[in-house]
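Please look through the structure below with me, and then read the numbered points that follow beside it.

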Amino acid sequence: MGLSEVFVVFFFFLSCVKCVELKDSSPSCSFPAIYNFGDSNSDTGGISAAFVPIPSPYGQGFFHKPFGRDSDGRVILDFIAEKLKLPYLSAYLNSLGTNYRHGANFATGGSTIRKQNETIFQYGISPFSLDIQIVQFNQFKARTKQLYQEANNSLERSKLPVPEEFAKALYTFDIGQNDLSVGFRKMNFDQIRETMPDIVNQLASAVKNIYEQGGRSFWIHNTGPIGCMPVNLFYKHDVPAGYFDQYGCVKDQNTIAVEFNKKLKDRVVKLRTELPEAAITYVDVYAAKYGLISNTKNEGNLFIIDMNHFIY
């Protein structure tokens, strides 16, 4: 088992622990479908379908060709699907070769939780913010239910989700990193801190929307150590002493990420009270990624990375 798989098995274990804590009727955490909302960390083809396809050498490490992912191979969502014995999720925006029988992916590279007044051609910010992804999900759910009911045979239904399984599906959220990136570019740290309550409340509203429609199992990733992204080295050359930590990460940016994650975790705890029938797992991506980065000498070559992302 590779390090990427170890990383995801750890997440999977956390989710199963939550199922057991809530006395879920299926302690093995099997789900008939996954519906994902996010950014490039979990995009499986959305931004490629909507705009310019992601080029080679992306995808070469596993798929041996570009495959709609900002990665040399699989993204974390792919490993989650594998562990649940489900196929890789088709992007909602991709009209070719799609199969939605076991879920759909609404994530697009560059997505944010809050709407941004920018275009993708300026700074790479996707127009498909989280609220738009939720609108797309609502439309998808209503439309596929209608098509399923109108289908004349099992073949016509074979690529459509079973309406009753929306309530049994796993709903995953991996988004928020780009909200901080925009903040670092446009605001000072105090201004970024002022935006955090609104950011986490908008994510909570998205979870509530799905809960009101019957969704009960949620998996929410926090944001990773954004200060460790290689892009920080491209635009900062003459930096003051103490700007980077001992592992080459921007200290202040990671401090903001930790503060954001604290607010997100507190909001998830509150959500568990507001949505008493939900099983909500908060996944500490920050700790997992930073732990790997800080231990590279013992772990070996963990990451193949481009200028913006951690790639597994």
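1. In this predicted model, strand 3, which spans residues 170-174, is mostly covered, with five of its five residues buried.

2. Which strands are joined to strand 3 by bridges? Strand 1 (residues 34-38) runs parallel to strand 3 and is joined to it by five bridges, and in this pairing Gly 38 stands opposite Asp 174. Strand 4 (residues 217-221) also runs parallel to strand 3, with four bridges between the two, and here Tyr 171 stands opposite Phe 218.

3. Tyr 171, Phe 173 and Phe 218 also belong to a cluster linked by ring pairs, which includes Tyr 35, Phe 37, Tyr 92 and Phe 166 among its other members.

4. Across the whole structure, a search finds 24 aromatic pairs. One of them is formed by Tyr 286 and Tyr 290, whose rings are stacked, with 5.9 Å from centre to centre and 20° between the planes. Both residues lie in helix 11 (residues 285-293), where they are four residues apart, or about one turn of the helix. Tyr 286 counts as buried because its relative accessibility is 13%, which falls under the cut-off of 20%.

5. Two arginines deserve a separate look. The charged end of Arg 74 sits over the ring of Phe 62, at 3.8 Å from the ring's centre, whereas Arg 157 lies over the face of Tyr 148, at 5.3 Å from the ring centre.

Note on methods:
Residues numbered from 1 in each chain as written. Predicted model: local features only at pLDDT ≥ 70, side-chain atom pairs only at ≥ 80, totals over all residues. Heavy atoms only, no water. Phe/Tyr/Trp six-rings, centres within 6.5 Å; stacked < 30°, edge-to-face > 60°. Buried < 20%, exposed > 50% of the residue type's maximum accessible area, 1.4 Å probe, protein only. Lys NZ or Arg CZ within 6 Å of the ring centre and 35° of its normal. Pairing = 2+ DSSP bridges.
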